[in-house]
Amino acid sequence: MKPRHELIIFDWDGTLMDSIAKIVRCFTAAVDDVGLPQPGEDATRHIIGLGLAEAVATLLPQADEVARTQVVERYREHFLHIDQTHMPLFPGVREGLESLAAQGYLLAVATGKARRGLERVLRDTGTTHLFVATRCADEAFSKPHPRMLEDILDQTGFNAGQALMVGDTTYDMQMARHAGMDGLAVTYGVHGRELLAEHGPLACLDSFSEVYAWLQQASRPSSAAAANS
């Protein structure tokens, strides 16, 4: 029996990789470099998941376009070159992804990262081979627009009903809904359970191990279906 969702699309930051603290530090440093007032850690955390330009525009609505562009440039410099803090995958992610791929699931990534940043972390974590498709915010509209998911569906040949979006933000859940796709929320990243639950995920899970277990359970036929098969 095929699983209900054959294509599993993951967000990256806050879902697969424990990178939130570094992102906040680099945004804070970039804002300081440009001499703008700090929006605060909570506001900065909340915009994680958006494309970089959209995140800066949301975070600094009073800044002009020149200042926002400077913040984007300084953020990239801090994230890619200055702050060399190691960013690990969350516990259970590597083993879970490898097991899902071995079971025949197709795995993909839809992320607010730019292509350059995603390629770097895929290479550093040795996970490039696990994903059949990846899509980044500098290649399509930013979340919550569904274009990244639509592009992945086009590339893989699946329809929305065969796919599942797994993410830690309301932007992920909204993007999934806009694409006509199921969403599965994780609570260990940016947005909390109560906020995520407002956007209709199939479940809100507290660890990647729970994500893996949920997928295993969802792929099994019900006892009634098994009895009638």
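# Close-up views of a predicted model

The structure holds twelve salt bridges, a salt bridge being a side-chain nitrogen of Lys or Arg within 4 Å of a carboxyl oxygen of Asp or Glu. This is a predicted model, in which local features need pLDDT of at least 70 and side-chain atom pairs count only at pLDDT 80 or more, while totals for chains, interfaces and linings use all residues. Residues are numbered from 1 along each chain as its sequence is written, and side-chain values use heavy atoms, with hydrogens and water left out.

**View 1. Asp182 and Arg4 meet in a salt bridge.** Asp182 lies in strand β5 (residues 182–186) and Arg4 in the segment before β1 (7–10), so the pair ties together parts that are 178 residues apart in sequence. Helices (H or I, at least four residues) and strands (E, at least two) are DSSP runs, numbered from the N terminus. Asp182 is partly exposed, at 23% relative accessibility. Here buried means under 20% relative accessible area, exposed means over 50%, and partly exposed is in between (1.4 Å probe, protein chains only).

**View 2. Asp33 and Arg74 form a salt bridge.** Their side chains meet at 2.9 Å, N to O. Distant parts of the chain are linked by this pair: Asp33 sits in helix α1 (residues 20–34) and Arg74 in helix α4 (residues 65–82), 41 residues apart. Both ends are partly exposed: Asp33 has a relative accessible area of 41%, and Arg74 has 31%.

**View 3. Asp151 and Arg135 belong to a salt-bridge network.** The closest N and O atoms of Asp151 and Arg135 are 2.8 Å apart. Shared partners join Arg115, Glu119, Arg135, Glu139 and Asp151 into one network. Arg135 is partly exposed, with a relative accessible area of 22%.

**View 4. Domain 1 meets domain 2.** The domain assignment gives domain 1 (7–18 + 89–219) and domain 2 (19–82); such bounds come from an automatic or database domain assignment. The C-alpha centres of the two domains lie 23 Å apart. Domain 1 brings 17 residues to the contact and domain 2 brings 15 residues, where contact means heavy atoms within 4.5 Å. The size of an interface is often given as the accessible area lost when the parts come together. Between these domains, the buried area is about 1400 Å², with carbon and sulfur atoms giving 54%. Buried area is the accessible area (1.4 Å probe) that two parts lose on being put together, summed over both. Arg120, Tyr171 and Val190 supply 35% of the area that domain 1 buries against domain 2, more than any other three residues.

**View 5. Polar contacts cross the domain interface.** How many salt bridges does the rule find across the interface of domain 1 and domain 2? It finds zero. Seven residue pairs are in polar contact there, both residues at pLDDT 80 or more. A polar contact is a pair of N or O atoms within 3.5 Å; within protein, one must be able to donate a hydrogen and the other to accept it, and residues adjacent in sequence count only if both atoms are side-chain atoms.

**View 6. Helix α8 is largely enclosed by the rest of the structure.** Seven of the nine residues of α8 (residues 170–178) are buried. Thr170, Tyr171, Asp172, Met173, Gln174, Met175 and Ala176 are the buried ones. Their cover includes α2 (41–46), β2 (106–111), α7, β4 (163–167), β5 and α9 (193–197). Gly180 follows α8 and has a positive phi, near 75°.

**View 7. Ser142 and Pro144 lie in the loop between β3 and α7.** Is Ser142 buried or exposed? Ser142 counts as buried, at 8% relative accessibility. Its side chain reaches the backbone nitrogen of Gly51 at 2.8 Å. Leaving aside residues up to four places away in sequence, Ser142 touches Leu50, Gly51 and Glu54. Most peptide bonds are trans. A cis peptide bond joins Lys143 and Pro144, with omega about 10°.
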